[in-house]
Amino acid sequence: MKSASPHLMVMSATPIPRTLGLIIYGDLDLSILDELPAGRKAIRTDVVDTSYHKRIYAFIKKNVDEGRQAYIVCPLVEESESELISATQYAEELSTKHFEGYNLALLHGKMKAKDKDLVMQSFASGQTQILVSTTVVEVGVDVPNATIMLIENAERFGLSQLHQLRGRVGRGSEQSYCILVSDSKGESSKNRLELMKETNDGFKIADYDLKTRGPGDFFGKRQHGLPNLVIADMLEDMDTLMECQACAKQMLADDPKLDKYPLLCEQISDMFRKAEY
């Protein structure tokens, strides 16, 4: 017979606001592994504008000439009316101008699975030196020899995405770099990118994201936005909320079906009925 209350382990390499929200609402205990694997170095992150492109290209060439590899990530697959850089156009420009003679490849989500696999195999083997890509490299890519992550139009990516992308480098023993390029003058964008420069700590990044975007709904589909708390503030009253969680645990331990609390039981049932799926 299967257990009525199985144990569950949730693992995340990149915490997001919803993760922190679930810690409060989802009755989760928390363990943090905050040490780098042996032999790895902290990734250096820099925030620059497009006037630095010439210097960035020279830096990438220097590292590639020394036997290492680089990612260049763009927000779009193809050219559009916006000023955002597209991977397809950028790859062509880089291969014919700035990195002529280097082995450069293009990767994006509109490619056939077979073609994507061939590109990634070439990069993983070291044959491809520079990979121009969209965010398809955000997760599940492990190339220890890649030491540079250049992200164009960095202001267009979420903090979790930026942290995930940065995590594609720094997987070997060599010093790795993440370069965030943005011409945005917006105060919010500048603050977000400066945070990425200041810390590699995913929980600090998620905490900032939580305070600016919110965790979304526990009952519902929203992935961001502050919950509708009536008598508490999720950001300012964390200690009170954690105490409430402890009280709820005790109540459930003493009375799993909440027979002693019919009004509370009815409110909980009503929340599930109204939940949007």
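The model I am reading is predicted.

I then checked the partner of Arg171. Arg171 forms a salt bridge with Asp142, and the closest N and O atoms are 2.9 Å apart. Asp142 sits in the loop between β4 (130-133) and β5, while Arg171 sits in the loop between α5 and β6, so the pair ties together parts that are 29 residues apart in sequence. Asp142 is partly exposed, because its relative accessible area is 48%.

I went on to the other salt bridges. A search of the whole structure gives 6 of them. Arg68 counts as buried because its relative accessibility is 15%. Glu66 has a relative accessible area of 43% and is therefore partly exposed.

I also noted Arg44 and Asp46, whose side chains meet in a salt bridge at 2.9 Å, N to O. Arg44 is partly exposed, because its relative accessibility is 49%.

Asp46 came up again when I listed the contacts of Leu180. Neighbours within four places in sequence left aside, Leu180 is in contact with Thr45, Asp46, Val47, Val48, Ile151, Ala154, Leu162, Leu193 and Met196.

I turned to the nonpolar cores. The largest has 28 residues, and the members that touch the most others are Tyr71, Leu131, Val137, Met149, Ile151, Leu162 and Leu180. I listed the elements that each supply at least two residues of this core: the strands are β2 (69-73), β3 (104-107), β5 (146-151) and β6 (177-181), and the helices are α4 (113-125), α5 (159-166) and α6 (187-198). Another core lies apart from this one; it has 22 residues, including Ala70, Cys74, Tyr90 and Phe99.

My last entry is on the surface. Tyr261, Leu264, Ile268 and Phe272 form a nonpolar patch there, and together they have about 330 Å² of accessible area. I placed Phe272 in helix α9, residues 262-274. Phe272 counts as partly exposed, because its relative accessibility is 46%.

Technical notes. Residues numbered from 1 in each chain as written. Predicted model: local features only at pLDDT ≥ 70, side-chain atom pairs only at ≥ 80, totals over all residues. Heavy atoms only, no water. Patch = residues over 30% accessible without salt bridge, like charges linked within 9 Å, V, L, I, M, F, W, Y side chains within 5 Å. Areas by Shrake-Rupley, 256 points an atom, 1.4 Å probe, with all protein chains shown as cover. Salt bridge = Lys/Arg side-chain N within 4 Å of Asp/Glu carboxyl O. Helix = DSSP H or I, 4+ residues; strand = E, 2+ residues; numbered from the N terminus. Buried < 20%, exposed > 50% of the residue type's maximum accessible area, 1.4 Å probe, protein only. Core = buried A, V, L, I, M, F, W, Y, C linked by side-chain atoms within 4.5 Å. Contact = heavy atoms within 4.5 Å.
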